[in-house]
Amino acid sequence: MSMAAALNPPKTPFKINLTPALPPPPTSSALTFKPNNNFPTLSAAAQPQEHGAMLDTLLNSTRKNQVLHSIRTTSPFNCLSETNLHHTVPTLTSKTRGKVRDIYDSGEYLILVTTDRQSAFDRVLASIPFKGQVLNQTSLWWFERTQHITANAVVSTPDPNVTIAKKCSVFPVEFVARGFVTGSTDTSLWTVYNKGIRNYCGNALPDGLVKNQKLAENILTPTTKAADHDVPVTPDEIIERGLMTRADYEEVSRKALSLFEYGQRVASEHGLILVDTKYEFGKAEDGSIMLIDEVHTPDSSRYWIANSYLERFQNGLEPENVDKEFLRLWFKNHCNPYEDEVLPEAPEDLVCELSWRYIFLYETITKSKFEVLSSEEPIHERISRNVASALASLK
């Protein structure tokens, strides 16, 4: 199986009465993680100031106004909805179009172009300015910092929207790691739990859990492809159906949980909660297992602001999120995104807000300023030039 076949984004994403399953909150109202994860806890004195500063930056700040101005004035030139590098770079012979990524075969390597297409509910919803650049650069940041856990397929990144990757045999299973009972899509943990399901993907779930509650421990809920949507599978089904060997499944599961715990710790250090995410893996010619696709991006992951989580949870309010969940909810409130043939167009303000939130998350996690590239050169021409140059240097 080619790597391109599985390089798609995840499907992935009242009054609450607390139950005995939820431990009593610390007096500081900080979110405390299980000792086995070794997550730091923010001090009580630091929380209000840090929380206020983060919310101010997210909701109403000079930086937000700067970014929104860039989005509104340059987005016609910087919104990448489609690429055709096989027509502009001679050595590229084929194109595979995923929901978000366009994938090209150069013979020895795969060229992964992350576009601005926004997917959810197993379909493309809109194009979000600068989204592809955010996803690609966020993944690169995490790829570089998780090599102590697992090798990855990255060869180089010749352009902010492009990754050149090693070819490998992709496991036809997405490893979804979850730390909370939440979500709005058909395969989300809260959706299935709220329907009464208490054993999901091989995980036994206790009665009495409520939406957005933290699980006692992180779990994996694997999925595999069926036509154009994801299907939950148990570990036994994965092995019985020959999707993976037992040894490969066990190794990948360990890597996925380790990646998730590491991602949660880093997010916590930056005032965020990594709620859930998905990983994809492949096997190289030498038999080694590699992490592929993307890592801890706002497309593949759900993030909440940490310091307000417990108070909002106890008051029956949705967590303050920094991901695409609010876009999912908008579409669910305005149509049936699974069944309607034609979807309403997302409002401009909503599109701009999501673009800003992606940039905000990148800057919060990496502690670096997102570079809004010049629009003088059309983005497709820039990518074509950079990819051609990179491939020439790899010969």
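Predicted model: local features only at pLDDT ≥ 70, side-chain atom pairs only at ≥ 80, totals over all residues.
Just after helix 7 the chain reaches Gly 271, which takes a positive phi of about 80°.

The protein has an average pLDDT of 85, and 85% of the residues score at least 70. Over residues 1-49, however, pLDDT stays under 50, and for these residues the model has 125 contacts beyond four places in sequence.

We can now turn to how some of the helices pack. Two packed helices are described by the angle between their axes and by the distance between those axes.

Helix 7, which covers residues 246-269, meets helix 4, which covers residues 131-145; their axes come within 12 Å and cross at roughly 115°. The two helices, helix 4 and helix 7, are therefore roughly perpendicular to each other, and helix 4 passes helix 7 in a right-handed crossing. On the side of helix 4 the contact is made by Trp 141, Trp 142 and Arg 145, while helix 7 contributes Tyr 262, Gly 263 and Val 266. Sorted by class, the residues of this contact between helix 4 and helix 7 are four nonpolar, one polar and one charged.

Helix 4 also packs with helix 10, residues 348-366, at an angle of about 20° and with the axes 10 Å apart. Angles under 35 degrees count as roughly parallel, and helix 4 and helix 10 are therefore roughly parallel to each other. Here helix 4 passes helix 10 in a left-handed crossing. The contact draws on Lys 131, Val 134, Leu 135, Gln 137, Thr 138, Trp 141 and Trp 142 of helix 4, and on Tyr 358, Ile 359, Tyr 362, Ile 365 and Thr 366 of helix 10. By class, this contact of helix 4 with helix 10 has eight nonpolar, three polar and one charged residues.

Helix 9 makes the contact through Phe 326, Leu 327 and Trp 330, and helix 10 through Leu 350, Glu 353, Leu 354 and Arg 357. The residues of the contact between helix 9 and helix 10 divide into five nonpolar, no polar and two charged.

Definitions and conventions: Residues numbered from 1 in each chain as written. Heavy atoms only, no water. Axes fitted to C-alpha atoms, helices over the stretch in contact; angles between N-to-C directions. Helix = DSSP H or I, 4+ residues; strand = E, 2+ residues; numbered from the N terminus. Parallel < 35°, antiparallel > 145°, perpendicular 65-115°, else oblique. Left-handed = near helix turned anticlockwise from the far one by under 90°. Contact = heavy atoms within 4.5 Å. Nonpolar A, V, L, I, M, F, W, Y, C, P; charged D, E, K, R; others polar. pLDDT = per-residue confidence, 0-100.
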